[in-house]
Amino acid sequence: MELTEQLVETELGVSIDELIKPTKKLVIYNDEVNTFDHVIESLMDVCKHEQTQAVQCTYLIHFKGNCVVKNGEYKKLKPMYEALQERKLTVKIEE
């Protein structure tokens, strides 16, 4: 591993591959805590979903257990991930 890669991993806590790979998915998982309204509002506020899209995603989360709510580069998904975590949603960034 090159020194530059080591510095990126040390400073940011992620590998260079994670930062430059554009095919990440922001996934919300079902839980028994958050209400439909809270999830819908969060998707609209954080992910800029239209109401219909937010409702559809919320139903998928509820009935299928999870839903990919956004795709993109890690650096664009990370702030949304953090904002959804602050709202107590179960969320991950996945390959």
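Reply: Lys75 is exposed, with a relative accessible area of 57%, where exposed means over 50% relative accessible area, buried under 20% and partly exposed in between, for a 1.4 Å probe and protein chains only. Lys75 belongs to helix α5, residues 74–86; helices here are DSSP runs of H or I with at least four residues, strands are runs of E with at least two, and both are numbered from the N terminus. Although 51 residues separate Lys75 from Lys24 in sequence, their C-alpha atoms are 9.7 Å apart in space.

The model is a predicted one, in which local features need pLDDT of at least 70 and side-chain atom pairs count only at pLDDT 80 or more, while totals for chains, interfaces and linings use all residues. Residues are numbered from 1 along each chain as its sequence is written, and side-chain values use heavy atoms, with hydrogens and water left out.

Of the 95 residues in the chain, 29% are buried. Among contacts (heavy atoms within 4.5 Å) with a separation of 6 or more, 66% are between residues 24 or more positions apart.

The part to look at closely is the packing of two helices. In general, such a pair is described by the angle between the axes and the distance between the axes. Helix α3 (residues 36–46) and helix α4 (residues 51–64) meet at an angle of about 130°, their axes lying 9 Å apart; the axes are lines fitted to C-alpha atoms over the stretch in contact, and angles run from 0 to 180 degrees between N-to-C directions. The two helices are therefore oblique to each other, a term for whatever is left once angles under 35 degrees are called roughly parallel, over 145 roughly antiparallel and 65 to 115 roughly perpendicular. On the α3 side the contact is made by Phe36, Val39, Ile40, Leu43 and Met44, and on the α4 side by residues including Ala54, Thr58, Tyr59 and His62. By class, this contact has ten nonpolar, three polar and no charged residues, with Ala, Val, Leu, Ile, Met, Phe, Trp, Tyr, Cys and Pro taken as nonpolar, Asp, Glu, Lys and Arg as charged, and the others, Gly among them, as polar.

Thr58 of α4 is buried, at 4% relative accessibility, and beyond its neighbours within four places in sequence it is in contact with Phe36, Val39, Ile40 and Leu43.

The whole structure holds two aromatic pairs, that is, rings of Phe, Tyr and Trp (its six-membered ring) with centres within 6.5 Å, called stacked with planes under 30 degrees apart, edge-to-face over 60 and tilted otherwise. Phe36 and Tyr59 pair edge-to-face, 5.3 Å centre to centre with 65° between the planes, and this pair joins α3 to α4 across 23 residues. Phe36 is partly exposed at 31%, as is Tyr59 at 42%. Tyr59 and Phe63 are stacked, at 6.1 Å and 5°; being four residues apart in α4, they are separated by about one helical turn. Phe63 is exposed, at 63%, and ring pairs link Phe36, Tyr59 and Phe63 into a cluster.
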